[in-house]
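Here are my comments on the model, as numbered points. Please read them with the structure open.

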Amino acid sequence: MERFHIEGPNRLSGEVRASGAKNAALPALAACLLAEGTVHLERVPKVRDIRTMCRLLEHLGAEVTESETGFELTPNGEGQPGEAPYELVKTMRASVLVLGPLLARRGRARVSLPGGCAIGVRPIDQHLAGLEALGAEVELEHGYVEVRARQLVGARFRFGVPTVTGTENLLMAAVLARGTTVLENCAREPEIADLAALLNAMGARISGAGEDRIEIEGVTSLGGARHRVIADRIEGGTYLIGAALTGGHVHLRDAEAADLAPLLEKLAENGVEVSKTDDGIEVRCTGPLKARDVITSPHPGFPTDLQAQYMALMTQARGTATVCETVFENRFQHVPELMRMGADIQIHGRVAKIQGQTPLSGANVMATDLRASACLVLAGLAAEGETVVHRIYHLDRGYEGMELKLQALGAKVERRS
Ligand code: EPU
């Protein structure tokens with residue numbers, strides 16, 4: 001098992017380019033199953049979750065070729081039953097994204113039910129209720145969900161909770177339904193608008209993606225297309241928080257400031273200098289950090305995927321901050337590890353209270369999920385002495401070459417087996 005050795009404290013300084021967004025590339029890859037032709041995706045990050053999705057698509061009959069600029073996918077396997085087996089779904093919940101496109105294109109899909117994970121129970125009831133509204137029959141048996149429909153029919157569906165992958169699954173099912181579908185209380189994350197841009201390039205008729213009401217006029221077929229995936233706002237946000245935490249100066253390039261607005265506003269409140277540049281964002285931290293509370297919520301609220309990293313920042317701010325996690329019920333697993341490094345944090349239900357300006361000292365820490373791992377790496381940059389972050393396979397699911405990017409920013413980080 002690989003681990004990161006970090007010799008702190010470090011000051012991050014320099015330029016870093018944002019990779020393509022993992023959470024936009026995953027639904028984009030699944031959407032290729034809908035095409036009658038080849039889809040070229042550019043700026044797909046080379047991370048483990050993407051490789052898992054490619055394996056799943058190949059298992060479903062697709063031809064996947066990696067090129068210098070990205071991936072080319074041609075979905076064969078028409079007429080074959082589409083099944084996402086337990087072995088793949090258990091390693092990546094986002095496998096559930098093949099449900100909508102398989103149902104729409106092949107009339108049937110069988111997907112292993114993703115169980116709970118390190119951050120919460122994460123049911124898919126909304127995905128299934130939405131597919132039923134479009135006329136699908138849904139059966140749960142032996143740990144699998146099976147959906148069938150000879151022809152999906154457009155309908156009006158209101159999500160009980162805004163769900164990112166749920167909205168994406170419904171979009172991918174409704175594009176080939178007969179008639180018009182109206183989805184309400186949709187998730188508004190930028191990754192959803194990016195998926196709709198790809199689907200529209202393939203010939204779909206979607207309007208309103210990125211807002212809470214999306215209208216989809218069904219079409220009879222979709223063709224190939226070329227699409228460049230948006231920048232990863234969570235990856236980029238992690239490096240900006242790193243700059244703030246280490247009293248550094250980072251220019252994040254190829255990034256979209258509007259997608260990072262909730263974080264940038266908070267960093268400005270923390271006393272960090274934030275400015276937009278031609279192709280990205282610059283963050284400079286010269287003075288002391290001010291403690292400020294955050295409450296996570298669906299976009300355009302503060303992203304739950306940056307909560308752990310922000311908590312590392314608050315351990316060094318002047319004053320006390322609270323972090324309230326409202327999206328997932330169990331997303332504080334980084335807290336005991338941060339405390340082993342010297343942080344002073346109390347948890348009351350969904351609220352964590354962080355005492356600022358506690359000196360951090362390097363320690364052996366264990367990563368539990370993707371964003372918790374990023375938080376521990378950031379804490380290691382700020383800590384005195386050596387921090388060893390174990391189980392970085394979690395990090396490799398979503399951060400492209402993290403140690404290389406950090407090294408280029410001047411950090412002393414090494415990957416060792
Ligand atoms: N929910 C339901 N029923 C459903 C679907 C969701 O109750 O049918 C609940 C969830 O349990 C959760 C809330 O709704 O409490 C929001 O979950 P959502 O469905 O939006 O999450 P997701 O689609 O499974 C995506 C990202 C996550 C990110 C969340 C929230 C992808 C592949 N994953 O997950 O990313 O945290 O949205 O923004 O897009 C990560 O990258 O580290 C990560 C976990």
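1. Asp-254 sits in the loop that runs between strand E15 (249-253) and helix H9 (261-269). Its phi is positive, about 60 degrees, although Asp-254 is not a glycine. With a relative accessible area of 26%, Asp-254 is partly exposed. Please keep in mind here and below that this is a predicted model.

2. Arg-391 is a second residue to check. Its phi is also positive at about 60 degrees, and Arg-391 is not a glycine. The residue lies in the loop between strand E23 (385-390) and helix H13 (393-396). Arg-391 is partly exposed, at a relative accessible area of 34%. For background, most residues other than glycine have a negative phi, and most peptide bonds are trans.

3. One joins Gly-8 and Pro-9, with omega about -5 degrees. Pro-9 belongs to the loop between strand E1 (3-8) and strand E2 (13-17). Another joins His-299 and Pro-300, with omega about 10 degrees. Pro-300 is in the loop between strand E18 (294-295) and helix H10 (307-314).

4. Which residues come nearest to the ligand? Of the 21 residues around it, they are Gln-126, Thr-163, Thr-165, Asp-305 and Val-327. By type, the shell around the ligand divides into 9 nonpolar, 6 polar and 6 charged residues.

5. A polar side-chain atom of Thr-165 is 2.6 Å from an oxygen atom of the ligand. For Asp-305, an N or O atom of the side chain is 2.6 Å from a ligand oxygen. A polar side-chain atom of Lys-22 lies 3.1 Å from an oxygen atom of the ligand. On its own the ligand has 830 Å² of accessible area, and the protein covers 87% of this. Helix H1 (22-31), helix H5 (125-133), helix H6 (164-174) and helix H12 (370-382) are the elements that give two or more residues to the shell. H5 gives the most, with 3 residues.

6. Gln-126 is part of helix H5. Is Gln-126 buried or exposed? Its relative accessible area is 14%, and because the cut-off for buried is under 20%, Gln-126 counts as buried. Leaving aside neighbours within four places in sequence, Gln-126 is in contact with Phe-157, Phe-159, Gly-160, Val-161 and Thr-163.

7. Helix H12 also deserves a look. It has 13 residues and reaches 19 Å from its first C-alpha to its last, close to the 18 Å expected at 1.5 Å a residue. Of the 13 residues, 12 are buried, so H12 is largely enclosed by the rest of the structure. The buried residues include Arg-371, Ser-373 and Cys-375. At the N-terminal end, Asp-369 caps H12, with a side-chain oxygen 3.0 Å from the backbone nitrogen of Arg-371.

8. Met-172 is in helix H6. It is buried, with a relative accessible area of 0%. Not counting residues up to four places away in sequence, the residues that Met-172 touches include Pro-27, Ala-30, Leu-97, Pro-101, Leu-195 and Leu-199. For a sense of distance, the C-alpha atoms of Met-172 and Tyr-310 are separated by 33 Å, and the two residues are 138 apart along the chain.

9. Glu-191 is in helix H7 (residues 190-201). Although its side chain is charged, Glu-191 is buried, at a relative accessible area of 4%. Setting aside residues up to four places away in sequence, Glu-191 touches Asn-23, Ala-24, Glu-168, Ile-230 and Arg-233.

10. Last, helix H2 (residues 48-59). Its 12 residues reach 17 Å from first C-alpha to last, close to the 16 Å expected at 1.5 Å a residue. Buried residues in H2 are Asp-49, Ile-50, Thr-52, Met-53, Cys-54, Leu-56 and Leu-57. As a reminder, an α-helix has 3.6 residues a turn, so residues three or four places apart point the same way. The cover over the buried residues of H2 includes H1, strand E4 (62-66), strand E5 (70-75), strand E6 (82-84) and helix H3 (86-89). Just after H2, Gly-61 takes a positive phi of about 100 degrees.

Terms used:
Residues are numbered from 1 along each chain as its sequence is written. This is a predicted model: local features need pLDDT of at least 70, side-chain atom pairs count only at pLDDT 80 or more; totals for chains, interfaces and linings use all residues. Side-chain values use heavy atoms; hydrogens and water are left out. A residue is near a molecule or strand if one of its heavy atoms lies within 4 Å of it. A polar contact is a pair of N or O atoms within 3.5 Å; within protein, one must be able to donate a hydrogen and the other to accept it, and residues adjacent in sequence count only if both atoms are side-chain atoms. Accessible areas come from the Shrake-Rupley method with a 1.4 Å probe; for residues, only the protein chains shown count as cover. Helices (H or I, at least four residues) and strands (E, at least two) are DSSP runs, numbered from the N terminus. Buried means under 20% relative accessible area, exposed over 50%, partly exposed in between (1.4 Å probe, protein chains only). Contact means heavy atoms within 4.5 Å. The expected span of a helix is 1.5 Å times one less than its number of residues.
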